[in-house]
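Here are my notes on this one, as promised. Have the viewer open while you read.

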Amino acid sequence: MICDHLRFKAIIMTEDVKNYTLSELKSALSEKGVVSYCACQIFNWIYAKRIENFDLMTDVSKETKSLLLENFYFSKLKILKRETSLDKTEKFLFELNDGASIESVFIPEGNRFTLCLSSQVGCKYSCKFCLSGSRGLKRNLTAGEIVNQYLAVSDLSNNPITNMVFMGIGEPLDNFEMIVKAIRIFTEHKGLDFGKRRISISTCGIIPQIQQLSKLKLGVKLSVSLHSADCEIRSKIMPVNRKYPLGELMKALKSFSESEKYPVTFEYALFGSLNTSKLDAQKLIRLLRGMNCKINLIPYNASQGAFRQPTLSEVEDFCNELEKAGLFYTLRKSRGQDIRASCGQLYALWG
Ligand code: SAH
């Protein structure tokens, strides 16, 4: 009994060290009388040398090690499944400490290796075409759980991760605090030292957090899931548009890209007969005219809802309109469809 009680106490008193940014770890340690430099050493051990055991941190004193052991633990994701697509995209199913599970996707493309990260267990924004939000939101991921997706995939993969996109399960800006922490951990020079411009956040358009992000000047790239330049159609397929309508969203994005001095990317999923007509293209052109931005067209991936994939001619006609207007766009190849690893196909599980 006593033993169980002590074990329980130990678990509730300790914190996941991977939830801490360097500056948070410095302050947590200095409150306990440890020199702040020790936090740099720990960061270096965990993220540069990839050692997750305080006992092996040879330049940390014995007293500090026992203090660390009393106060911190290392969280880990359990890998439940790893699937490889014919196009070499890989999907990972990870179990979290509470038994819920999330998916992450690794996409190789030439010498670019992109990790698609999940930010939440589920999603509350119910975009009609996306499976990830079909059961609502269970909970936010912690910064440690986000960072662990990177650590696990980079351990399992033969190729280095060169880019990260918050385009997996969840709405990253709805888990703002943890996303910012994870980005600070990823980009910390003493640790992984990941380039900030190699990280993209994708949002369905949460205006207050876009403004907050702009104030933080993190330097990461921003993508916005637009999918229609018509306010009414957008509200139908993305209910978030009723709360944060297109006009106000565009104002927030213009000021974001002006203050970041970097173009915002607009994701535009092409749904047959819904948003691919000449008129739809013209509305998009009008909406984005004069703005420093990129457009990423994504042909709809079979997922959920009453949508259909666009025909080749719908895609071509839409692209031609954008080209005539001189808008810069890319047509994204859907990757990993055979293992359900494409946009909108990822799924979180919980009890
Ligand atoms: N919640 C964030 C992050 C998700 S990123 C956001 O909305 O941006 C996933 C991207 O895939 C988003 O652009 C999303 O709108 C898009 N998507 C979702 N379901 C899709 C589908 N079935 N086909 C194509 N794109 C889809």
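The points below go through the domains, their interface, the salt bridges and the ligand site.

1. First, the ground rules. This is a predicted model, where local features need pLDDT of at least 70 and side-chain atom pairs count only at pLDDT 80 or more, while totals for chains, interfaces and linings use all residues. Residues are numbered from 1 along each chain as its sequence is written, and side-chain values use heavy atoms, with hydrogens and water left out.

2. The chain splits into domain 1 (2-73) and domain 2 (78-339), with bounds from an automatic or database domain assignment. Their C-alpha centres sit 34 Å apart. Domain 1 puts 15 residues into the contact and domain 2 puts in 17, contact being heavy atoms within 4.5 Å.

3. How much area is buried between domain 1 and domain 2? About 1,300 Å², with carbon and sulfur atoms giving 58% of it. Buried area here is the accessible area (1.4 Å probe) that two parts lose on being put together, summed over both.

4. On polar terms, eight residue pairs are in polar contact across that interface, both residues at pLDDT 80 or more. A polar contact is a pair of N or O atoms within 3.5 Å; within protein, one must be able to donate a hydrogen and the other to accept it, and residues adjacent in sequence count only if both atoms are side-chain atoms. On the domain 1 side, helices H2 (22-31) and H3 (37-48) each supply at least two of the residues that touch domain 2, and H3 has the largest share, with five. Helices are DSSP runs (H or I, at least four residues), numbered from the N terminus. That side of domain 1 comes out as seven nonpolar, three polar and five charged residues.

5. Now the salt bridges (a side-chain nitrogen of Lys or Arg within 4 Å of a carboxyl oxygen of Asp or Glu). The rule gives 16 of them, and it finds two across the interface of domain 1 and domain 2. Lys181 pairs with Glu24, closest N and O atoms 3.2 Å apart. Arg50 and Asp155 also form a salt bridge, at 3.0 Å from N to O. Arg50 is in the loop between H3 and helix H4 (62-71), and Asp155 is in helix H5 (residues 143-156), 105 residues away.

6. Finally, which residues are closest to the ligand? Of the 19 around it, they are Glu171, Ser202, Ser225, His227 and Asn301, counting residues with a heavy atom within 4 Å. Backbone polar atoms reach ligand nitrogen atoms from Phe129 at 3.0 Å, from Gly170 at 3.1 Å and from Asn301 at 2.9 Å.

How values were computed. Nonpolar A, V, L, I, M, F, W, Y, C, P; charged D, E, K, R; others polar.
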